[in-house]
Amino acid sequence: MLCARLTNARFLTMDPDHPVAHDLGIWRGRIVGLDEAVTSLPAREVIDLQGATVLPGFIDAHVHLAWAGLKENTPSVAGLTRIDDVLAVVAGAVARERSPGAWVSVAGYDQRALGRHLTAAELDMVSLGHKVFLLHDSGHGCVVNSAVLALLPAGLPHENGFLAEGAMGAARALRPPHTQRELAEAIGRAGRTCLAEGVTACAEAGIGGTLFGHSPVELGAYQLAREEGLLPLRVQLMVAAERLRPAAGHEADGIPRALDLGLRTGFGDGRLSLGALKVYTDGGMMARTAALGDPYEGLGHTGQLQDDPDVLADTIVDGHLAGWQLAVHAIGDRAAQLALDALERAQRLRPRPGARHRVEHAGLIRPDQLPRFARLGLSAVVQPGFLRYFGDDYAAVMGAERAPWLYRGRAFLDHGIPLVGSSDRPVTDGSPLRAVQFMVERASESGQLIGPDEGITVAEALHAYTVAGAFACHWEEYVGSLTPGKFADLVVLGDDPRRVDTSRIGDIEVVAAYVDGSPTEKTAVAAPNWTRK
């Protein structure tokens with residue numbers, strides 16, 4: 001007997017062998033059949049979806065769950081455009097902190113909305129002796145007050161209290177780590193937000209590192225969340241490359257550096273596992289630290305690499321030799337060039353054609369770099385939301401020649417490069433449907449077209465958030481399509497993205513999400529008219 005049969009729906013399976021179905025059977029969390037294979041089978045529950053459209057659960061291949069969940073409970077200055085208003089929020093946060101000299105965190109900082117960076121002196125006016133830390137929305141910088149600057153090593157570079165990249169990491173390292181309990185609860189909050197947007201699986205893009213790590217025992221927080229029922233979706237964890245240590249294994253293994261006990265990509269199960277090794281090569285475009293070949297328009301500099309180029313390249317090679325899948329953060333074209341050179345060297349030293357290395361963001365990729373992506377078998381894990389929300393700004397700082405190269409779509413696909421959708425949540429909106437809309441129309445919120453020739457079809461965009469996401473995470477045997485034998489992870493939509501006007505895709509209602517064949521909390525509330533037998 002089936003546990004459940006979902007019927008009277010348009011199932012877009014993303015499986016070319018059976019692309020559309022009207023019935024789907026579930027048994028013990030797995031899809032066991034479609035249409036006639038299950039229609040006549042008895043089931044404990046038959047759910048009439050009344051013509052809804054159903055897709056495989058969306059896969060967000062690059063998120064920051066812990067950061068997103070913590071941000072939800074942190075005072076924010078997002079959207080404020082006046083310095084005085086920002087300082088008023090900081091003053092309010094300081095007033096609520098009773099412990100003398102404590103750390104006060106504020107989220108949502110973005111100098112672009114203010115026209116300039118805040119300064120340490122301005123924060124000093126409202127900090128009352130506390131240590132104030134405003135995290136840049138990109139995650140690649142922060143503004144701190146003088147109480148924090150006084151604790152940092154002499155000579156650490158900053159701009160009147162604004163610290164970028166490694167300097168920001170030094171400030172973060174001064175702060176007490178979050179407890180595993182705090183992190184587990186934050187992970188749960190962010191996970192529920194993902195599910196509300198139809199995301200049933202995601203890849204956490206870097207635990208335990210200087211830039212985005214929240215504790216030296218951060219993996220344990222995810223285990224705690226799972227054990228206590230706080231982890232509502234599938235999660236794969238990328239580990240920050242700085243966690244690699246010199247390895248003293250047998251010389252025949254050829255592993256110069258490794259995670260403790262030789263842990264690497266693939267450890268875990270279908271609910272919680274280790275994914276790629278995360279290597280940061282440059283910064284972010286919002287913070288103007290993405291490493292470019294030519295200067296930012298009007299700024300006279302080319303961003304920055306995270307470390308000496310040889311050190312970064314050796315880290316990439318060592319990770320490859322240790323058996324990891326690599327997720328190389330490279331936003332600017334100069335960073336991408338470093339990544340391509342290092343990955344090519346790594347594959348030459350020890351060929352691993354099935355490694356499925358990834359370039360995270362691939363924000364500015366020159367035409368001459370595309371063939372090398374393809375030859376190396378790399379996936380491009382892009383964030384369409386960046387251009388939807390920040391596209392006007394990004395196009396301006398890239399200039400007319402380079403703007404069409406931003407967060408490409410069509411060029412990757414035409415070169416045979418797997419195009420993978422993601423959000424970088426909470427840097428920007430996490431909705432896959434809004435991202436799909438941008439991938440098709442390439443229009444920012446203002447209506448500006450950015451690289452319109454990079455537009456792709458709705459089917460290709462949905463593929464990026466299902467099949468391609470599963471491939472990038474080595475999950476294709478478990479999720480990504482509604483295929484018998486795979487987990488019953490699916491999203492129920494109020495309309496068919498292929499049939500509505502493109503401008504309406506982002507507004508399609510996510511009615512419900514299923515993980516392991518079980519509907520999430522939203523189902524009972526949002527779908528009261530479904531018929532259950």
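This briefing covers salt bridges and the surroundings of one histidine in the structure above. The model is predicted. Its salt bridges number 31.

**Arginine 181 and glutamate 228**

- Arginine 181 and glutamate 228 form a salt bridge, with 2.7 Å between the closest N and O atoms.

**Arginine 358 and glutamate 360**

- A salt bridge joins the side chains of arginine 358 and glutamate 360, at 2.8 Å from N to O.
- Arginine 358 and glutamate 360 are both buried.

**Arginine 408 and glutamate 454**

- The side chains of arginine 408 and glutamate 454 form a salt bridge with an N to O distance of 2.8 Å.
- This pair links distant parts of the chain, 46 residues apart.
- Arginine 408 lies in the loop between α13 (384-402) and α14 (410-414), and glutamate 454 lies in the loop between α15 (432-441) and α16 (458-464).
- Arginine 408 counts as buried because its relative accessibility is 6%, and buried means under 20%.
- Glutamate 454, at 7% relative accessibility, counts as buried too.

**Histidine 361**

- Histidine 361 is part of strand β19, which covers residues 358-361.
- With a relative accessible area of 2%, histidine 361 falls under the 20% limit and is therefore buried.
- Its side chain makes a polar contact of 3.2 Å with the side chain of histidine 329.
- A polar contact also joins the side chains of histidine 361 and glutamine 383, at 2.6 Å.
- When neighbours within four places in sequence are left aside, the residues in contact with histidine 361 are His62, His329, Ala330, Ile331, Val381, Val382, Gln383, Phe386, Tyr407 and Asp424.
- Two residues in that contact list, His329 and Gln383, are the polar partners named above for histidine 361.

Technical notes:
Residues are numbered from 1 along each chain as its sequence is written. This is a predicted model: local features need pLDDT of at least 70, side-chain atom pairs count only at pLDDT 80 or more; totals for chains, interfaces and linings use all residues. Side-chain values use heavy atoms; hydrogens and water are left out. A salt bridge is a side-chain nitrogen of Lys or Arg within 4 Å of a carboxyl oxygen of Asp or Glu. Buried means under 20% relative accessible area, exposed over 50%, partly exposed in between (1.4 Å probe, protein chains only). Helices (H or I, at least four residues) and strands (E, at least two) are DSSP runs, numbered from the N terminus. A polar contact is a pair of N or O atoms within 3.5 Å; within protein, one must be able to donate a hydrogen and the other to accept it, and residues adjacent in sequence count only if both atoms are side-chain atoms. Contact means heavy atoms within 4.5 Å.
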